[in-house]
Amino acid sequence: MLGFPISIRPGLPIYEQIVYAAKKALMQGTLRPGDRFPSVRELSRELGVNPNTVQRAVAALTSEGLLEVHP
């Protein structure tokens, strides 16, 4: 389970939609600092998208300082 809603729609790149959904969840308080973000594998499986697409979204969120990656 993701913990926040993501609905993939045609028209925008999927990774941008994932980034938007995560940012929206942070602003609404659905996703809070310190919450566990789904792994790339979990998220790609849940959404039915390529793991590389999810990795791109995670990289974007990390570069913006909104997500920390821990091995």
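Which residues lie nearest the centre of the second largest pocket, and how many residues line it?

1. This is a predicted model, in which local features need pLDDT of at least 70 and side-chain atom pairs count only at pLDDT 80 or more, while totals for chains, interfaces and linings use all residues. Residues are numbered from 1 along each chain as its sequence is written, and side-chain values use heavy atoms, with hydrogens and water left out.

2. To take up the question, the second largest pocket is lined by 14 residues, and those nearest its centre are Pro-5, Ser-7, Gln-17, Tyr-20 and Ala-21. A pocket here, on a 1 Å grid over the protein atoms alone, is an open set of points where a 1.4 Å probe fits, with protein on both sides within 12 Å along at least five of seven lines, and lining residues have an atom within 4 Å of a point. The space in this second largest pocket is about 280 Å³, a volume being the space filled by probe spheres set on the points. Its lining divides into seven nonpolar, four polar and three charged residues (Ala, Val, Leu, Ile, Met, Phe, Trp, Tyr, Cys and Pro count as nonpolar, Asp, Glu, Lys and Arg as charged, the others, Gly among them, as polar).

3. The largest pocket has a volume of about 490 Å³, and among its 21 lining residues Asp-35, Phe-37, Leu-67, Glu-68 and Val-69 lie nearest the centre. The elements that give two or more residues to this lining are α1 and α3, with α3 supplying the largest share, three residues. By class, the lining of the largest pocket holds twelve nonpolar, five polar and four charged residues.

4. Helix α1 (residues 14–28) packs on helix α3 (residues 51–63) at an angle of about 45°, their axes being 8 Å apart; α1 is therefore oblique to α3 (angles under 35 degrees count as roughly parallel, over 145 as roughly antiparallel, 65 to 115 as roughly perpendicular and the rest as oblique). In this contact (heavy atoms within 4.5 Å), Ile-14, Tyr-15, Ile-18, Val-19, Ala-22 and Lys-23 of α1 meet Thr-53, Val-54, Arg-56, Ala-57, Ala-60 and Leu-61 of α3. The contact comprises nine nonpolar, one polar and two charged residues.

5. Helix α2 (residues 40–47) crosses α3 at roughly 120°, with the axes coming within 9 Å, and the two helices are therefore oblique to each other. Val-40, Leu-43 and Ser-44 in α2 meet Pro-51, Val-54, Gln-55 and Val-58 in α3, a contact of five nonpolar, two polar and no charged residues.

Notes. Axes are lines fitted to C-alpha atoms, for helices over the stretch in contact, and angles run from 0 to 180 degrees between N-to-C directions. Helices (H or I, at least four residues) and strands (E, at least two) are DSSP runs, numbered from the N terminus.
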